[in-house]
Amino acid sequence: MSEHGLPADVSRRQLLIRSAAIAAMAGPGSALAAGCAAGSGSAPKSTASSGGSSTGTASSDPANPFGVKASAPLDVYIFKGGYGDQYAKAFEDMYKKRFPGSNVSHKGAQDVTGDLQPRFNAGSPPDVIDDSGAKQLKLDVLNRGGQLTNLDQLLDAPSVDDPGKKVRDTLLPGTVEIGLLGSSMYFLSYAFTVWGLWYSSTLFQKNGWQIPKTWEEFMTLCAAIKGTGMAPFCHQGKYPYYMMVPLMDMVAKNGGPQVQAAIDNLEPNAWKSDAVKNSVEALYMLVDKGYMLPGTEGLTHIQSQTQWNQGKAAIIPCGSWLENEQLDATPADFGMAVFAMPSLTGDKMPRTAIRAGAGEPFIVPAKAKNQAGGLEFLRIMCSKAAGASFAQKANSLSVVKDAITPEIAAGLKPGTKSSNDLYNAANGQIITWYYLNWYSQMKDDLENAMSQLMADKIKPDEFIARAQKAADTCAADSSIQKSKRPAT
């Protein structure tokens, strides 16, 4: 994800996390035609109000609903990760066409916190920020300090393409929910990503390897791969949130909605469930059986992904930004593709269930000098033209409905097509975790424990104990706003 990430995570990505389907590709059976279920299930409900600014100069002009001053400069900061930042420069050009008297400044970088925390402290943050990557600003912390603009006003503004529609009506389902802090949306997660296990279809076909459906089949495949002298698996060791995704996918599949709600809601002993135990022990097999690329626990995302491209490992976990991030390192005949986490015995969700949803969070600081311009920039991003441009320049899908034309669909790269196919096969069975955005310290504690587990410095029992302690500490901290996820 350059320095990644939700990935949202989604962090980078918090979720993380992001790919819709394309109606023009598959006709009525595609995910966009089916309505896209990235946010399927009940939306989380707030148990506390959320702070932050919701100010802005309202206007009756649907072409300028926030009352942007045409000559006001706009300061844009973009996390330059797996998606690069050329897509944002295209958005900036769209903004300048609307406001030709505005001087738009652009910075694309990776150390978001290092670059921007001093500016927030000084009361002079940029007007719009793509807050992603390993060094992203903690959105829940910013919100508690009243540093984020409430984006409900963006959702209720007229859309660029059709003033008779609100912006909220132009976004894929789940986009608003993933951006909630309390009962309001404070960040716009723009990229729509699919997560899974990535492989070279060319390599698999050459060796006659089949995509595993169960964990037992996966272990058999790993043994066969190791027998050829190739490492079966590698991961982005310096950024352990990558390995948290396959783990939590397994937990969700094995435990179902009740276990997901228990973990997101910080219920006592939620991390001691059978679903967690089964999943942690299964994932640890990759370490215990020697199926990991030696030294992968110390590699950056680029280093591990490049070694994977070079055929030193067969499988790597990642989100669908991987293809764009690895364009220069991927052989022309690589055949990038992705499959879902294999099933454990007793799973409560189908094998085809996947992690997918909106990520790459964009924010407008409450103290932005051109707050109205920041809101308008996000409104422009929600246009079909911007969504199509993102697909072309970032090789990824956005949360904008109906943005993909047949021409753009025809030019999809193999990894993007594979992730789209994986999304369609999920048939609405989408895995979503909310703790990633709700409780940043707990997320960090979990990732630290994962790093130790993958380095074989702790065993599954200790990982579970540390995870439960992190959740209990978060639950006991009255300064942390708590949110509620329904069980179904």
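Mentor: Let us begin with contact, which means heavy atoms within 4.5 Å. Two remarks on the source belong here: this is a predicted model, in which local features need pLDDT of at least 70 and side-chain atom pairs count only at pLDDT 80 or more, while totals for chains, interfaces and linings use all residues. Residues are numbered from 1 along each chain as its sequence is written, and side-chain values use heavy atoms, with hydrogens and water left out.

Trainee: With that cut-off, which residues is Ser279 in contact with, leaving aside its neighbours within four places in sequence?
Mentor: They are Leu247, Met250, Val251, Asn254 and Leu344. Ser279 itself lies in helix α11, residues 274-288, where helices (H or I, at least four residues) and strands (E, at least two) are DSSP runs numbered from the N terminus.

Trainee: Why is Ser279 called buried?
Mentor: Buried means under 20% relative accessible area, exposed over 50%, and partly exposed in between, with a 1.4 Å probe and protein chains only. Ser279 has 0% relative accessibility, and therefore counts as buried. On the scale of the chain, 60% of the 488 residues count as buried.

Trainee: How do you know how helix α10 is oriented relative to α11?
Mentor: Axes are lines fitted to C-alpha atoms, for helices over the stretch in contact, and angles run from 0 to 180 degrees between N-to-C directions. The axes of α10 (residues 241-264) and α11 come within 8 Å and cross at roughly 170°. Angles under 35 degrees count as roughly parallel, over 145 as roughly antiparallel, 65 to 115 as roughly perpendicular and the rest as oblique; the crossing angle therefore makes α10 roughly antiparallel to α11. Residues making the contact include Leu247, Met250, Val251 and Asn254 of α10, and Ala275, Ser279 and Leu283 of α11.

Trainee: Why does Trp215 count as buried?
Mentor: Trp215, which is in helix α9 (residues 215-227), has 6% relative accessibility, so Trp215 counts as buried. Not counting residues up to four places away in sequence, Trp215 touches several residues, among them Met250, Ala282, Leu283 and Leu344. The C-alpha atoms of Trp215 and Leu344 are separated by 5.7 Å, although the two residues are 129 apart along the chain.

Trainee: What makes strand β7 a paired strand, and which strands does β7 pair with?
Mentor: Two strands pair if DSSP finds at least two bridges between them. Strand β7 (residues 188-200) has six bridges to β11 (residues 354-363), in the antiparallel sense, and two bridges to β12 (residues 397-398), also antiparallel. As examples of partners, Ser189 has Pro361 in β11, Ala191 has Ser398 in β12, Trp198 stands opposite Ile316 in β9, and Tyr199 stands opposite Ala337 in β10.

Trainee: How many residues of β7 are buried?
Mentor: In β7, 13 of its 13 residues are buried, and the strand is described as mostly covered.

Trainee: What makes the phi values of Glu360 and Asp402 worth a remark?
Mentor: Most residues other than glycine have a negative phi. Glu360, however, has a positive phi near 60°, and Asp402 has a positive phi near 55°.

Trainee: Is each of these two residues buried or exposed?
Mentor: Glu360, found in strand β11, has a relative accessible area of 2% and is therefore buried. Asp402 lies in the loop between β12 and α16, and its relative accessible area of 52% is why Asp402 is called exposed.
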